[in-house]
Structure formats: structure tokens, C-alpha cells
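User: Hello! I am new to this structure and would like to get to know it through a few questions. Could you walk me through it step by step?

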Amino acid sequence: MKPYNKNLKQASRELRNHMTEAEKLLWSRIRNKQILGLQFYRQKPILNYIVDFYCPAANLVIECDGGQHFTDDGLEADHIRDEALAQLGLKVLRFDNGQVIGQLDDVVEMIYQYFLKELSKESP
């Protein structure tokens with residue numbers, strides 16, 4: 001289990017109850033082990049962050065980014081967050097909300113291809 005701040009548990013619940021439209025759409029396509037039988041969790045506390053989606057079996061975090069992520073401050077915060085998560089051995093895939101809403105099939109295909117690439121590294 002990855003370390004997390006237990007004080008984020010309630011905030012995590014709130015975020016699960018108030019997901020963005022992009023998060024809802026992506027969740028509908030990755031929940032219930034729909035991609036290669038891999039389990040995802042939503043709004044998962046890891047360290048002092050709450051990640052949008054987390055697949056522990058693949059050490060993968062998926063983020064749906066709104067406009068605030070594309071400001072100078074947002075980009076810097078995301079960089080710091082991604083580095084901290086990478087220190088735990090986690091890979092972060094980021095998609096902007098417009099991409100998820102407008103090209104959901106393509107986003108799901110990118111996630112699927114990521115898993116295939118990672119699985120092929122594990123097989124001899």
C-alpha cells in the first residue's frame with residue numbers, strides 16, 4: 001500500500017461524490033476491471049495528494065486536468081506532484097478534460113496501449 005495522509009480521507013470522499021464530467025466519463029470506461037482486468041480506484045489519497053485514478057497492479061496514476069493545470073502555477077504544482085509520485089515508482093498519465101470529453105475512445109486506447117507496453121516489458 002502506498003503511503004497517504006489519512007487526513008485526506010474525507011476530502012477524497014467529497015471528490016468522489018462531486019466528480020467532474022471528464023472524470024465521470026473516464027471512470028465509466030475504466031471501472032469494474034474493464035481494461036485487461038485491472039482494478040482502478042478513484043480519488044485515491046497517496047502521500048499528501050488525491051489522485052484522480054489509481055491502478056495499484058500497474059503503479060499507474062491517471063489525472064484528468066482542468067484549465068487550472070495549464071497556468072504557470074498549475075504546471076509547476078503538477079511537476080512537483082508527478083516527481084513525488086515517481087519517487088514511489090508511480091507513472092502518471094495526464095489528459096486534459098477536453099480530450100477526455102471529446103476523444104474518450106482515444107484516451108481509453110492510450111491507457112490500454114500503455115498497459116500492453118508495460119506488460120510486454122515484463123514477459124521474456
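User: Which residues are linked in a network of salt bridges?

Analyst: This is a predicted model, and a search of the whole structure finds five salt bridges. One of them joins the side chains of Asp65 and Arg94, at 2.8 Å from N to O. Arg94 also meets the side chain of Asp82, at 2.9 Å. The network of salt bridges is made up of Asp65, Asp78, Asp82 and Arg94.

User: How many residues apart in sequence are the parts that Asp65 and Arg94 tie together?

Analyst: Side chains of opposite charge can pair when their charged atoms come close. Asp65 and Arg94 meet in a salt bridge. Asp65 sits in strand β3 and Arg94 in strand β4 (residues 91–96), so the pair ties together parts whose separation in sequence is 29 residues.

User: Is Asp65 buried or exposed?

Analyst: Happy to check! Buried means under 20% relative accessible area. The relative accessible area of Asp65 is 4%, so Asp65 is buried.

User: Which helix holds Asp82, the partner of Arg94?

Analyst: Arg94 and Asp82 meet through their side chains in a salt bridge. The pair links distant parts of the chain, 12 residues apart, with Arg94 in strand β4 and Asp82 in helix α3.

User: Which residue meets Glu63 in a salt bridge?

Analyst: The N to O distance in this salt bridge is 3.2 Å, and the side chains are those of Glu63 and Arg81. The two are 18 residues apart, with Glu63 in strand β3 (residues 60–65) and Arg81 in helix α3 (residues 72–87). Both of them are buried. So the name to remember, given that a salt bridge takes a nitrogen of Lys or Arg, is Arg81.

User: Which element gives the most to the largest nonpolar core?

Analyst: That core has 22 residues, and those touching the most other members are Leu26, Phe40, Phe53, Ile62, Ile111 and Phe115. Two or more residues come from each of α2 (21–30), β2 (49–55), β3, β4 and α5 (104–122). With six residues, the element that gives the most is α5.

User: Leaving aside its neighbours within four places in sequence, what is Ile111 in contact with?

Analyst: Ile111 is one of the core residues that touch the most other members. With neighbours within four places in sequence set aside, its contacts are Leu26, Ile30, Ile35, Phe40, Ile62, Leu93 and Phe95.

User: How many residues are in the second, separate core?

Analyst: Ile46, Val51, Val61 and Val92 are among its members. The count for this second core is seven residues.

User: Then what does the count of disulfides come to?

Analyst: Seen from Cys64, the closest cysteine sulfur is in Cys55, also too far for a bond at 15 Å. The count of disulfides comes to zero.

User: What area does the nonpolar surface patch with Leu116 have?

Analyst: Leu116 is in helix α5 and counts as partly exposed, at 33% relative accessibility. Leu36, Tyr112, Leu116 and Leu119 make the patch, with an area of about 310 Å².

User: Where is Asn32 found?

Analyst: Asn32 is not a glycine, although its phi is positive, about 55°. Asn32 counts as exposed, at 62% relative accessibility. Its place is the loop between α2 and β1 (41–46).

User: What phi does Lys33 have?

Analyst: Lys33 is found in the loop between α2 and β1. Lys33 is partly exposed, with a relative accessible area of 45%. Although not a glycine, Lys33 has a positive phi of about 55°.

User: Is Asn97 buried or exposed?

Analyst: Asn97 belongs to helix α4 (residues 97–102). Leaving aside neighbours within four places in sequence, Asn97 is in contact with Ala22, Cys64, Asp65 and Gly66. The relative accessible area of Asn97 is 19%, and the cut-off is under 20%, so Asn97 is buried.

Notes: Residues are numbered from 1 along each chain as its sequence is written. This is a predicted model: local features need pLDDT of at least 70, side-chain atom pairs count only at pLDDT 80 or more; totals for chains, interfaces and linings use all residues. Side-chain values use heavy atoms; hydrogens and water are left out. Helices (H or I, at least four residues) and strands (E, at least two) are DSSP runs, numbered from the N terminus. Buried means under 20% relative accessible area, exposed over 50%, partly exposed in between (1.4 Å probe, protein chains only). Contact means heavy atoms within 4.5 Å. A salt bridge is a side-chain nitrogen of Lys or Arg within 4 Å of a carboxyl oxygen of Asp or Glu. A nonpolar core is a set of buried Ala, Val, Leu, Ile, Met, Phe, Trp, Tyr and Cys residues joined through side-chain atoms within 4.5 Å. A disulfide is a pair of cysteine sulfur atoms within 2.5 Å. Patches are made of residues with over 30% relative accessible area and no salt bridge: like charges are joined within 9 Å, nonpolar side chains (Val, Leu, Ile, Met, Phe, Trp, Tyr) within 5 Å. Accessible areas come from the Shrake-Rupley method with a 1.4 Å probe; for residues, only the protein chains shown count as cover.
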